[in-house]
Amino acid sequence: MSDSSIRPSSLINTVYGASLRRLGGWISIADLIVLMAELDVDGPAVRSAISRLKKRGILEPERRGANGYRLSPAVHPVFDEGDRRIFGSLEPADLADGWVMAVFSVPESERSHRYQLRTRLTWLGFGNITSGVWLAPGRLLDDARATLDRLGLSEYVHLFASQYVAFSDLRTSVSSWWDFPAIQAQYAAFTDTYGPVAARLTTQSDIDAGEAFRHYVPMLTQWRRLPYLDPGLPKELLPEDWNAVAARQVFQQLHAVLAEPSLRHVQTVTGLRAESVTE
């Protein structure tokens with residue numbers, strides 16, 4: 001069942017991203033309320049969350065015989081980028097591949113952009129070296145460039161591909177640029193919550209589709225923050241007790257056994273078919 005600390009709008013985002021994109025990108029509000037009730041989210045909370053997602057430009061109202069909402073075409077690239085981060089390679093970066101450095105200076109009159117830049121760079125996995133100087137593994141360059149451009153922030157930022165040359169011990173410095181304890185706390189919370197679920201479900205030969213949905217959506221919602229907060233630093237620079245590996249294994253196990261039956265459950269509830277995808 002759903003973790004009560006997860007916002008309904010985040011769960012709805014996951015339902016769209018994991019299932020509805022494969023089924024045409026649209027769902028009736030009535031069917032969405034049925035699905036969300038299985039995650040302990042009531043109708044008024046669903047409608048309130050939908051309203052917020054509509055205001056943010058994520059969902060658009062559309063009637064297809066019934067009132068419903070579809071993903072805005074503008075957010076399709078955002079979900080595609082999320083797929084690459086969430087389901088792509090989970091291996092640590094190679095130290096030899098270098099770094100991407102973001103340097104920005106925002107006038108005081110536009111300080112809201114400064115806050116937005118800090119928030120977005122953190123979300124992309126950048127660590128903060130000093131005021132206006134941020135660093136991430138080089139493989140994040142394309143994501144950073146695309147995201148900053150999409151958000152209209154590119155005019156404030158210089159991006160550099162770089163190598164670390166001298167003078168401090170890089171492992172020691174990196175531990176001050178990223179909040180390792182906070183990242184590890186989130187990995188530990190994920191493993192504590194879903195490790196027992198993985199141990200039980202991965203031994204079952206037949207998982208009920210409804211049960212799969214009730215586990216998969218909250219699990220994926222909790223997990224999908226982590227590949228952003230954790231930039232995948234080279235293993236040479238990580239603490240020896242780094243707990244990401246165990247958490248990633250739990251995620252991969254649960255994704256392997258829950259994703260498809262969860263999708264089938266959404267199809268059963270909604271009557272939507274994968275063949276109806278037109279976008």
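Q: In which sense do strands β4 and β6 pair, and over how many bridges?
A: In general, strands pair through backbone hydrogen bonds, in parallel or antiparallel fashion. Here β4 (residues 99-104) and β6 (residues 133-137) are antiparallel, over five bridges. Trp-99 stands opposite Pro-137 in β6. Two strands pair if DSSP finds at least two bridges between them. Elements are DSSP runs numbered from the N terminus: helices are H or I with at least four residues, strands E with at least two. This is a predicted model, with pLDDT of at least 70 needed for local features and 80 or more for side-chain atom pairs, while totals for chains, interfaces and linings use all residues. Residues are numbered from 1 along each chain as its sequence is written, and side-chain values use heavy atoms, without hydrogens and water.

Q: What is the strand order in the open sheet of four strands?
A: The order is β5-β6-β4-β7, with antiparallel pairing. At the edges sit β5 (127-130) and β7 (157-162), each pairing on one side only. From one strand to the next, the twist averages 30 degrees.

Q: Which strands does α5 touch where it packs on the sheet?
A: α5 touches β4, β6 and β7, and its direction makes about 170 degrees with that of β4. α6 also packs on the sheet and touches β4, β6 and β7; its direction makes about 170 degrees with that of β7. Contact means heavy atoms within 4.5 Å. Axes are lines fitted to C-alpha atoms, for helices over the stretch in contact; angles run from 0 to 180 degrees between N-to-C directions.

Q: How much space lies in the largest pocket?
A: The largest pocket holds about 1200 Å³. Its lining has 36 residues; closest to the centre are Asn-13, Arg-56, Val-78, Trp-123 and Arg-224. α4 gives the most, with seven residues. A pocket is an open set of points on a 1 Å grid over the protein atoms alone, where a 1.4 Å probe fits, with protein on both sides within 12 Å along at least five of seven lines; lining residues have an atom within 4 Å of a point. Points join across faces, edges and corners, and the volume is that filled by probe spheres set on them.

Q: What is phi of Asp-40?
A: Most non-glycine residues have a negative phi, and most peptide bonds are trans. Phi of Asp-40 is positive, near 65 degrees. Asp-40 lies in the loop between α2 (29-37) and α3 (43-55).

Q: Which residues does the cis peptide bond join?
A: Ala-166 and Phe-167, with omega about 20 degrees. Phe-167 is in the loop between β7 and α7 (170-177).
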